[in-house]
Amino acid sequence: MSTRAAVLYVCVDQVRPASKVPEERAVEEGRAFAEGRGLRLVDTVTDPYGEPDPQRREGWRRVCEMAARGEITDVITRWPAALAPESHPEFRLREAETLAEHGVTISYSWEPLAALQAAP
């Protein structure tokens, strides 16, 4: 069993709550990403998309608490905008730095980004 434990973080668009397809796709990709890299998925955390500051989202705060307690080594999310929108890259950087202080890395499961991360 892998000693690396990951949490899957998914932001859900609340504008079209009737469609579960984007959420299901993000979960499927995240699980496949974890399995393909030998990560043990310990939780899936979902937040509504829209709040730009991740620290104002209940689910993201839970992810950070897990990191601070040493329960996870990795966070998997579909793409950077799940952490913070393109208009607020400073939030994304802040969260990545905070997680790194706890030895936790952020990985993106969307195939084009995942391929870039895997490239030497």
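## Ground rules

Because the model is predicted, local features need pLDDT of at least 70 and side-chain atom pairs count only at pLDDT 80 or more, while totals for chains, interfaces and linings use all residues. Residues are numbered from 1 along each chain as its sequence is written, and side-chain values use heavy atoms, with hydrogens and water left out.

## Strand β1 and its partners

Let's start with β1 (5–13). Helices (H or I, at least four residues) and strands (E, at least two) are DSSP runs, numbered from the N terminus. Eight of the nine residues of β1 are buried, so this strand is largely enclosed by the rest of the structure. Buried here means under 20% relative accessible area and exposed means over 50%, with partly exposed in between (1.4 Å probe, protein chains only).

Strands count as paired if DSSP finds at least two bridges between them. β1 pairs with β2 in the parallel sense over nine bridges, and C11 stands opposite D47 in β2. β1 also runs parallel to β3, joined by four bridges. Across that pairing, V7 stands opposite V75, and L8 has I76 as its bridge partner.

## Strand β3, covered on both faces

In a regular strand, side chains alternate between the two faces of the sheet. For β3, both faces are covered: D74 and I76 lie on one side, V75 and T77 on the other, and all of them are buried. β3 also pairs with strand β4 (residues 105–108), again in the parallel sense and over four bridges, with T77 opposite Y108. Between these two strands the chain passes through α3, and this β-α-β crossover is right-handed; that is, with the strands pointing away from the viewer, the path from the first strand over the helix to the second runs clockwise.

I76 counts as buried because its relative accessibility is 0%. Leaving out residues up to four places away in sequence, I76 touches A6, V7, L8, Y9, G30, F33, A34, L39, L41, S107 and S109, where contact means heavy atoms within 4.5 Å. The C-alpha atoms of I76 and T105 are separated by 8.5 Å, with the two residues 29 apart along the chain. T77 also counts as buried, at 0% relative accessibility. With the sequence neighbors up to four places away set aside, the contacts of T77 are Y9, A82, I106, S107, Y108 and S109. T77 and G30 are 47 residues apart along the chain, yet their C-alpha atoms are separated by 6.7 Å.

## Helix α2, one face in

Which residues of helix α2 (residues 58–68) are buried? They are G59, W60, V63, C64, M66 and A67. Seen down the axis of α2, these buried residues fall within an arc of 155°, so they line one face of the helix; the arc is that of the directions from the helix axis to the C-beta atoms. E58 and A68, on the other side of α2, are exposed.

The buried residues of α2 pack against β1, β2 (40–49), β3 (74–77) and α3 (89–101). After the helix comes G70, with a positive phi near 75°.

## The nonpolar cores

A nonpolar core is a set of buried Ala, Val, Leu, Ile, Met, Phe, Trp, Tyr and Cys residues joined through side-chain atoms within 4.5 Å. The largest one has 17 residues, and V7, Y9, W60, V63, I72, V75 and L99 touch the most other members. β1, α2 and β4 are the elements that give two or more residues to this core, and α2 gives the most, with five.

I72 touches A5, A6, V7, V42, V63, M66, A67 and V104, once residues up to four places away in sequence are excluded. A second, separate core has eleven residues, including A26, F33, L39 and A114.

## Cysteines without a bond

How many disulfides does the structure hold? There are zero, where a disulfide is a pair of cysteine sulfur atoms within 2.5 Å. The closest cysteine sulfur to that of C11 belongs to C64 and is 12 Å away, too far for a bond. C11 counts as buried at 18% relative accessibility, and C64 counts as buried at 13%.
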